[in-house]
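Subject: Structure handover and notes

Dear colleague,

Please find below the sequence and structure that I am handing over to you. My notes on what was found follow directly after.

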Amino acid sequence: LFPDRLVAVLAVVYLIFTYGYSRSASDVSEEAIRLGRLLVDLMPDNDETRSLLRLILLQHHRRNSRIVGADLVTLEDQDRFRWDSSMIAEALTITQLPGHRRGHYRVQADLAAVHATARSAADTDWPRIVRLYDELLRLLPSSSSKPSSQDPLWGGVGDSRRWSSTRRSSPTSSRGASGPASKSTSSWAG
């Protein structure tokens, strides 16, 4: 295919998914999933393509529990029995290809997997979440990589106090790391 255009194609597929996800338009999100599967079929050896499919599956599996009536339900309060376990299982089979560098879709998919596999919000591996967000910040050093209550991966679980306390207990922070990730995350305590 056209490897020079792949970054843009993946971004468009993710935007289509996000549009449907944010508007609870399941048919739009499912079309993005179909396109993601098609891209994986066309390029099975491309890890970012596989990672994007994994990411959108791991976000879409919560579609039946995200909104009750007209109210958005935070990840912490969602009925996990309403999650699509077959979609989670499919996403978890999409592993990283050996020898490929981890891209931002892979890291975001890994973040979503931590949430999807936790039995409850309290069982979430928050130190791992911190390590993955630090990795994401190294790949995409911008404020959009910072977790927020509006982020579907963060899902409104916790607040800046939880992030701050988890941040202080992370292996990166305990080593006294320096560099862009540690400097930018230190101001998140709010």
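A residue is called buried here when its relative accessible area is under 20%, exposed when that area is over 50%, and partly exposed in between, as computed with a 1.4 Å probe on protein chains only.

Two notes on provenance belong here. This is a predicted model, so local features need pLDDT of at least 70 and side-chain atom pairs count only at pLDDT 80 or more, while totals for chains, interfaces and linings use all residues. Residues are numbered from 1 along each chain as its sequence is written, and side-chain values use heavy atoms, with hydrogens and water left out.

Overall layout

Helices (H or I, at least four residues) and strands (E, at least two) are taken as DSSP runs and numbered from the N terminus. On that basis the chain has nine helices and two strands, and its elements run α-α-α-β-β-α-α-α-α-α-α from the N terminus on. Of the 190 residues in the chain, buried residues make up 46%. Where contact means heavy atoms within 4.5 Å, residues 24 or more positions apart account for 67% of the contacts with a separation of 6 or more.

The nonpolar cores

A nonpolar core is a set of buried Ala, Val, Leu, Ile, Met, Phe, Trp, Tyr and Cys residues joined through side-chain atoms within 4.5 Å. The largest such core has 28 residues, and those with the most contacts inside it are Y14, L52, L53, I56, L57 and L58. At least two residues of this core come from each of α1, α2 (26–42), α3 (47–60), α4 (85–92) and α5 (104–117). Apart from it lies another core, of eight residues, including V107, L111, W126 and L132. In soluble globular proteins, nonpolar side chains tend to be buried together. If residues up to four places away in sequence are not counted, L58 touches I88, A91, A109, A112, A113 and A116.

Helix α4 can be described face by face. Its buried residues are M87, I88 and A91, and, seen down the axis of α4, these fall within an arc of 100 degrees (the arc being that of the directions from the helix axis to the C-beta atoms), so they line one face of the helix. On the other side of α4, S85 and S86 are exposed, while what covers the buried residues of α4 includes α3 and α5.

Rings of Phe, Tyr and Trp (its six-membered ring) are paired if their centres lie within 6.5 Å, and planes under 30 degrees apart count as stacked, over 60 as edge-to-face and the rest as tilted. The structure holds three aromatic pairs. The rings of Y14 and F17 have their centres 6.5 Å apart and their planes at 15 degrees, so this pair is stacked. Both residues lie in helix α1 (residues 3–22), three residues apart, about one turn of the helix, and both Y14 and F17 are buried. Ring pairs link Y14, F17, Y21 and Y105 into a cluster.

The charged end of R66 sits over the ring of Y21, 3.8 Å from its centre; the criterion is that NZ of Lys or CZ of Arg be within 6 Å of the ring centre and within 35 degrees of the ring normal. R66 is placed in the loop between α3 and β1 (67–68) and counts as buried at 11% relative accessibility. Leaving aside neighbours within four places in sequence, R66 is in contact with Y21, S24, D71, L72, V73 and Q78. One of these, Q78, lies in the loop between β2 (71–72) and α4, and at 7% relative accessibility Q78 also counts as buried.

What does H60 contact, leaving aside its neighbours within four places in sequence? H60, which lies in helix α3, is in contact with F17, Y21, S26, S29, E30, I33 and M87.

Y133 is found in helix α6 and counts as buried at 2% relative accessibility. Y133 and Q108 are 25 residues apart in sequence and 8.4 Å apart in space, C-alpha to C-alpha.

With best regards
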